[in-house]
Amino acid sequence: MAKKNYELVLVLSDKNADDKTRSRDEAEASLQKRGAEIVQKEDWGARRLYHLAKKQDRGHYFYYGFKSETSAIPQINGDLRVNAGVLKAMITVLD
């Protein structure tokens, strides 16, 4: 099956730098573990959130462009959901 192009916007808790780094590394490891090929990474920095997320009003944004099998997306979403440092995550297909 052919891999499709996806993008992930990840919002992490901005409270503790060590926790933020660990959560980001876990998210990247999840992508790689599920067979995704990361082709682009961007650090968009800390910003104020429009709505509270897990009772926090600030978050640190990261962008990932990646290629993956369609069947791996629900597993990646599940991994991100159980990552305690992730406030929000959104995966969209580009193809």
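Colleague: What do the words buried, exposed and partly exposed stand for here?

Modeller: Buried means under 20% relative accessible area, exposed means over 50%, and partly exposed lies in between, with a 1.4 Å probe and protein chains only. The model is a predicted one, in which local features need pLDDT of at least 70 and side-chain atom pairs count only at pLDDT 80 or more, while totals for chains, interfaces and linings use all residues. Residues are numbered from 1 along each chain as its sequence is written, and side-chain values use heavy atoms, with hydrogens and water left out.

Colleague: Why is lysine 20 called buried?

Modeller: Lysine 20 has a relative accessibility of 17%, and the limit for buried is under 20%, so lysine 20 counts as buried.

Colleague: What makes lysine 20 and aspartate 14 a salt bridge?

Modeller: A salt bridge needs a side-chain nitrogen of Lys or Arg within 4 Å of a carboxyl oxygen of Asp or Glu; the closest N and O atoms of lysine 20 and aspartate 14 are 3.7 Å apart, and therefore the pair meets the definition. Aspartate 14, at 26% relative accessibility, counts as partly exposed.

Colleague: Where in the chain do aspartate 79 and arginine 34 lie?

Modeller: These two form a salt bridge with closest N and O atoms 3.0 Å apart, and the pair links distant parts of the chain, with aspartate 79 in helix H2 and arginine 34 in the loop between H1 and strand S2 (37-53), 45 residues apart. Helices (H or I, at least four residues) and strands (E, at least two) are DSSP runs, numbered from the N terminus. Aspartate 79 is buried because its relative accessible area is 19%, whereas arginine 34, at 28%, is partly exposed.

Colleague: Why is arginine 48 classed as exposed?

Modeller: Its relative accessibility is 61%, and the class begins over 50%, so arginine 48 counts as exposed. The side chain of arginine 48 meets that of aspartate 57 in a salt bridge of 3.4 Å, N to O, and aspartate 57, at 35%, counts as partly exposed.

Colleague: What makes a set of residues a nonpolar core?

Modeller: The members are buried Ala, Val, Leu, Ile, Met, Phe, Trp, Tyr and Cys residues joined through side-chain atoms within 4.5 Å. The largest nonpolar core has 16 residues, and those touching the most other members are Leu8, Leu10, Leu31, Phe66, Ile76, Leu80 and Ile91. Strand S1 gives the largest share of this core, 4 residues.
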